[in-house]
Amino acid sequence: FITLAILIGIPVLVVWKFDKWPWWFLLLLVVGGWVVWYGSYVEPKKLVVKEFNIQIPALPNLRIGLISDIHVGPYKDRAWVERVVKEINTLDLDLLLIPGDFVFGGAEKYVKELVPLKDLKVEKKFATLGNHDHDIVEPRNTIQSTIVSASLREAGLIELKNSRFFWEEQGIWI
């Protein structure tokens, strides 16, 4: 609605006088346009890193990272993934967990944008697929998830799918 209002409203505003339009509609056009622009081009590119120090005596002292919702697609590309990988590599992590949503849209088109994940400098890297890594109907679901899974394997990530992994050196289950 907002995009349609902008696309139709701006040309109409040029032809008609501004004083014929209610003030709230003009405000709606301006605010709506800003929200669409910000939500499409600024917010998806924000990279936020938060660090927490959690001590659990029964577990080994590990630096664990968690990233999610990479969503490569129409708004995020290979450069975005390279930026994420570069940031992760500065953190000197022992373990990285990525709980899904690698693609946004068709995996066939966007999965190649995930190639920089192979450059992650983390000893153990685990991933699970998210809802965006699947499709809602078969056979598309199997095709989409298979493509994403293959890309994760090529990048050196261990996909956990109804499974677990015993990290023998640390004596913990992932």
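In the predicted model, four strands are arranged as an open sheet whose order is β1-β2-β3-β4, with parallel pairing. The edges of this sheet are formed by β1 (64-66) and β4 (158-159), each of which pairs on one side only. Strand β1 runs parallel to β2 (residues 95-99), and 3 bridges join the two. Within this pairing, isoleucine 64 has leucine 95 of β2 as its bridge partner.

Helix α3 spans residues 78-89 and comprises 12 residues. From the first C-alpha to the last, α3 reaches 16 Å, close to the 16 Å expected at 1.5 Å a residue. The buried residues of α3 are Trp80, Val81, Val84, Val85 and Ile88. Viewed down the helix axis, these buried residues fall within an arc of 135 degrees, and they therefore line one face of α3.

The model contains 3 aromatic pairs. One of them is formed by tryptophan 34 and tyrosine 38, which are stacked, with 5.1 Å centre to centre and 15 degrees between the planes. Both residues belong to helix α2 (residues 23-42), where tryptophan 34 and tyrosine 38 are 4 residues apart, about one turn of the helix. Tryptophan 34 has a relative accessible area of 49% and is therefore partly exposed, since the exposed class requires a value over 50%. Tyrosine 38 is likewise classed as partly exposed, because its relative accessibility is 26%, whereas a buried residue would have a value under 20%.

Phenylalanine 166 counts as partly exposed, at 36% relative accessibility. Tryptophan 173, with a relative accessible area of 53%, is exposed. The ring of tryptophan 173 also has a charged group placed over it: the charged end of arginine 164 sits 4.5 Å from the ring centre.

Terms used. Residues numbered from 1 in each chain as written. Predicted model: local features only at pLDDT ≥ 70, side-chain atom pairs only at ≥ 80, totals over all residues. Heavy atoms only, no water. Pairing = 2+ DSSP bridges. Phe/Tyr/Trp six-rings, centres within 6.5 Å; stacked < 30°, edge-to-face > 60°. Buried < 20%, exposed > 50% of the residue type's maximum accessible area, 1.4 Å probe, protein only. Lys NZ or Arg CZ within 6 Å of the ring centre and 35° of its normal. Expected span 1.5 Å × (residues − 1). Arc of directions from axis to C-beta.
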